Amino acid sequence: MAVSAADVRSALSIHETISASTPVQPRKTTAPSTKKPDGISRELYSLIGPSAPTLAAQLAKPRLKQKPNLGGGGRSRWEYRSFKNPARSDELELRHWVKASTDQNADYPFAKYNTQSSAYTYSQDEYTKYLEDKEWTKDETDYLFRIVQEYDTRWYIIHDRYDFPNGASRSIEDLKDRYFSVCRKLIRNKPWTSDETAKNLLLASLQFDKDRELMRKKYLLSLESRPPEQIVEEEALYIEVRRLEQNERKFKKEREDLLRTLAGIESGLPDIVEDEAPFGLTIDVKKKKKIGAAEAESPATPSTISLGIPITKRPPTAKNAAYDAMHYIIRTDPPTTTSATKSAHTPAYLRSFKLPAPKQAIAPKVTQALAELGILYTRLVMPTRENCAALEQLLEATTALIETKRIVDKVDYDIKVLKARLGVREHQGSEGVEDVNADGNTTSADAMDVDTANEEEIVGDDGRSQSVLSTRSARGRKHSRRSMSISSVDTATNVSTRAGTKRQKRS
Amino acid sequence: MVNYGGDEVAALVVDIGTSSLRAGYAGDDTPKVVIPTAYGYFTLPQDQDIDMEESTTGDVQTPKAKIHIGSSGPSVWRDGMEIGNPVTDGMISDFNPIPSLIQHALGDVMHCTTSEHPMLVTEPTWNTQANRERMAEIMFEEFHVPAFYIANTGVLNAFAAGKGSALVIDVGQSMASVTPVVDGFVLRKGLSFSPLPTLIRAHARHILTTSTSSRPGIELLPHQLITSKTPVEPNVVPTFTLREDRVSGTTQSWRMWTENREVDEWIQSVAGVLEQGWNDQAAAARQPKQYEFPTGFNTAFGSERFQVGEQFFWHSPQLVASNPNLPKTIPALITESLRACDPELRQVLMGNVVLTGGGSLFSGFADRLNAELTRSFQHTKIHAAANTVERRYGGWLGGSILASLGTFHQLWISKEEWQEHGRPIVGQRCK
């Protein structure tokens with residue numbers, strides 16, 4: 001208490017701004033000191049005076065984040081009002097708190113939930129006319145309708161509370177049956193104002209089949225009254241059935257897999273087969289492609305499909321070659337002759353798109369010939385490079401065969417014609433007949449020799465020549481075995497030359 | 001306001017049970033007042049104008065001149081004070097102390113003016129028509145309530161669990177009941193109840209008071225009659241001093257009431273039930289529980305504490321043979337109730353089992369019930385509130401919800417209607 005403000009100022013070495021010499025002056029200074037800056041307590045300000053503006057700035061009242069203004073306008077007034085419920089028939093007034101802004105005369109908001117279901121009524125006249133039932137008296141029917149109305153058709157409760165004095169005990173189905181049948185009769189017989197469909201809909205909604213309901217309840221009861229052993233057994237059976245079904249599925253799947261593996265495309269199973277069973281198929285293909293396919297020896301696994309045109313432009317280095325060999329990548333040089341115009345550009349394509357096709361003119365014949373061999377050439381299961389080459393070769397061979405056969409047929413025909421002429425001549429003069437016959441025999445014998453030699457080398461099995469025969473059979477079965485073998489000789493020998501010319505033409 | 005369907009009109013809810021009377025405002029989640037239903041009284045000839053300072057002294061035109069109500073009513077020892085309970089078998093059998101009890105709860109504790117508040121009172125399902133009319137009469141004539149409604153505890157317990165249809169299993173202090181509720185209505189034909197908790201208490205009392213090889217029989221003396229006691233080793237005869245001055249003035253009914261309280265306390269803290277059915281080994285394997293009685297006697301209870309709970313679910317054939325009027329067990333009650341219900345409803349009800357009542361807080365009760373029910377019904381779902389307040393005061397809570405609903409206010413029986421129609425209006429309105 002003894003320490004005055006001046007003492008504190010001197011102690012804190014604050015420059016004395018106000019001289020306290022006259023008693024009037026301090027009164028003057030107190031006037032500005034009352035207007036102290038915010039954030040400094042009055043006591044502190046009276047001690048340090050107005051000479052600490054920097055301090056005052058720091059002590060300014062922190063500005064807090066503004067409070068969110070919810071509800072736009074702050075508080076609202078509530079009133080404790082009494083209200084009447086229009087759903088009530090009496091004058092009961094209860095009191096509750098409501099916002100003062102709500103309408104005084106507005107209806108009680110909950111009164112609208114007081115809904116009443118429409119009731120069916122009938123007169124004494126109607127009852128005697130339509131509703132007579134030997135099981136039910138009018139009084140009891142009246143009672144039923146009253147109680148149904150009272151409990152809003154909650155049948156379980158109606159049945160629970162149903163207590164007609166001296167009445168027979170009624171099941172819930174009895175009650176429903178009676179109520180709905182009466183309602184239906186009333187609707188049918190009362191004049192109906194709106195359309196027929198609505199009436200039928202209403203009638204359908206009031207349909208009740210008592211026997212069916214009873215049956216349903218009986219089933220429900222029997223389901224509930226199963227002994228535990230039965231429940232256990234049923235569960236076990238259910239599990240067993242599920243297990244069997246699963247086994248069946250598994251077995252079927254395995255069977256299909258096996259079929260695909262063994263029979264390949266001929267198994268008649270969906271296309272997915274192709275990728276699933278590559279090995280079986282290659283074997284299959286190879287066996288068929290043995291015909292003059294020297295490169296078929298390489299055990300190329302068709303699991304990787306090489307693109308016809310590689311993406312890389314650089315020339316294959318040694319390392320690349322090794323890599324390619326390891327990964328079965330075959331690179332073909334892009335055609336250098338053509339300029340890099342847009343029209344000349346060859347986009348990436350699947351090899352299967354460029355499968356060789358026989359000439360249009362002889363295509364049916366090729367198809368027929370190959371069909372005899374059991375080869376479907378239009379579609380390759382695995383169009384690898386080798387397979388494509390093999391197919392091309394096959395087609396060329398077939399084409400050559402057919403060409404040759406055409407020539408052979410022509411020659412045959414010529415021979416026949418000549419023979420016929422010869423016969424004519426023989427009739428004219430019998431000499432020289434022996435000669436001609438002998439000549440014919442020798443040629444055929446030579447042909448036979450050649451045939452057998454070539455057959456092993458190129459065709460490889462008898463079936464092939466057989467099939468050639470059958471291809472030709474359309475022309476005439478009369479040909480002797482001799483002529484047949486001639487044809488095969490010719491075919492076989494011609495294959496290489498024909499193929500050679502073909503290839504030249506292509507390139 | 002409309003979104004939640006609530007519209008509070010400051011209604012009061014009063015729920016009277018065997019053990020306690022619950023009262024509070026509708027819309028609250030817990031009752032404001034919970035006082036014992038039992039009350040202490042002095043019969044006329046003994047009336048000496050004793051005025052107890054804190055407890056209410058109601059003046060009723062009965063032989064019971066002074067009655068002591070509330071938390072310091074029956075539990076305080078008074079010379080020659082008898083104990084009465086207006087509720088027997090869950091139902092109010094003596095209406096004389098009821099106005100005093102309600103007045104104490106609403107007037108003295110809550111300080112309400114009853115003439116300003118609508119009043120919702122609960123009743124057990126087996127309540128009689130005369131009883132509910134009498135209650136309405138008390139409310140209108142003595143408390144001058146503007147509106148009154150009496151609602152079924154089964155329905156209210158279902159509402160408290162948030163269900164319109166439920167199978168309510170209510171285990172109270174004296175009664176266990178199974179009530180099927182459909183769409184907010186009780187199926188009266190499906191109601192089944194028995195004084196099973198009374199049997200449990202009797203059984204527990206029997207176990208405690210009979211001596212076994214390991215311990216002597218236990219004296220169930222309340223602490224009010226004991227001056228001092230010294231700590232003793234377990235299973236040793238206790239050393240305590242009886243308050244001899246009080247013993248002579250203790251009435252039989254007060255002694256009975258306090259002893260029952262001792263038994264109840266023991267049941268609540270020690271007794272239990274095995275979750276998976278009775279099994280000697282399982283019971284023996286459980287940890288024994290230590291318990292000390294007011295006399296200072298203390299012991300550890302092993303498997304015998306589980307025998308008590310077993311009585312809820314299973315009665316030995318010898319016991320059944322010796323006692324033909326044995327209260328039905330919980331599974332028997334449920335079976336009986338379901339048998340009376342429509343087969344279509346059984347699935348619905350078993351999927352909505354509501355377990356409530358203070359007795360259901362018995363240790364292991366809900367788990368055991370679940371085990372029992374799933375054995376016969378696969379899709380049983382038990383709703384048992386984990387909150388003990390919700391479980392104990394489920395009926396009150398349901399009433400609190402109901403009386404604060406906007407759509408409910410058309411159901412009140414107003415004073416006007418009461419005066420116009422008289423007693424039959426109660427039966428017509430409260431279905």
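**Ground rules**

I am working with a predicted model, where local features need pLDDT of at least 70, side-chain atom pairs count only at pLDDT 80 or more, and totals for chains, interfaces and linings use all residues. Residues are numbered from 1 along each chain as its sequence is written, chains are lettered from A and ligands numbered from 1 in the order in which they are written, and side-chain values use heavy atoms, with hydrogens and water left out.

**Chain A**

I looked up the secondary structure of chain A and found 19 helices and 2 strands. Helices (H or I, at least four residues) and strands (E, at least two) are DSSP runs, numbered from the N terminus. Of the 507 residues in chain A, 26% are buried. Buried means under 20% relative accessible area, exposed over 50%, and partly exposed in between, with a 1.4 Å probe and protein chains only. I then checked contacts (heavy atoms within 4.5 Å). Among those in chain A between residues at least 6 apart in sequence, 52% join residues at least 24 apart.

**Cores**

Next I searched for nonpolar cores, meaning sets of buried Ala, Val, Leu, Ile, Met, Phe, Trp, Tyr and Cys residues joined through side-chain atoms within 4.5 Å. The largest has 71 residues, and those with the most contacts inside it include B:Trp266, B:Phe293 and B:Phe312. Helix α8 (residues 172-189) of chain A gives this core its largest share, 8 residues. I followed B:Phe293 and listed B:Leu208, B:Ile218, B:Leu220, B:Lys229, B:Trp266 and B:Phe301 as its contacts, not counting residues up to four places away in sequence. A second, separate core has 58 residues, among them A:Phe110, B:Val13, B:Ala136 and B:Met139.

I went back to α8(A). Its 18 residues reach 26 Å from first C-alpha to last, close to the 26 Å expected at 1.5 Å a residue. The expected span is 1.5 Å times one less than the number of residues. Why is α8(A) largely enclosed by the rest of the structure? Because 14 of its 18 residues are buried.

**Interface**

I counted 37 residues from chain B and 33 residues from chain A in the contact. The area buried between them is about 3,000 Å², with 55% from carbon and sulfur atoms. Buried area is the accessible area (1.4 Å probe) that two parts lose on being put together, summed over both.

I found 6 salt bridges between chain B and chain A. A salt bridge is a side-chain nitrogen of Lys or Arg within 4 Å of a carboxyl oxygen of Asp or Glu. One joins B:Asp183 to A:Arg154, with the closest N and O atoms 3.5 Å apart.

I looked up B:Ile98 in helix α1 (residues 98-109). B:Ile98 is buried, at a relative accessible area of 0%. Its contacts beyond four places in sequence include B:Ile16 and B:Met135. B:Ile98 and B:Ile16 are 82 residues apart in sequence and 9.3 Å apart in space, C-alpha to C-alpha.

B:Glu372 sits in helix α12 (residues 365-376). Is B:Glu372 buried or exposed? At 16% relative accessibility, B:Glu372 counts as buried.

B:Glu133, in helix α2 (residues 129-142), is buried too, at 14%. Leaving aside neighbours within four places, B:Glu133 contacts B:Trp418, B:Arg423, B:Pro424 and B:Val426.
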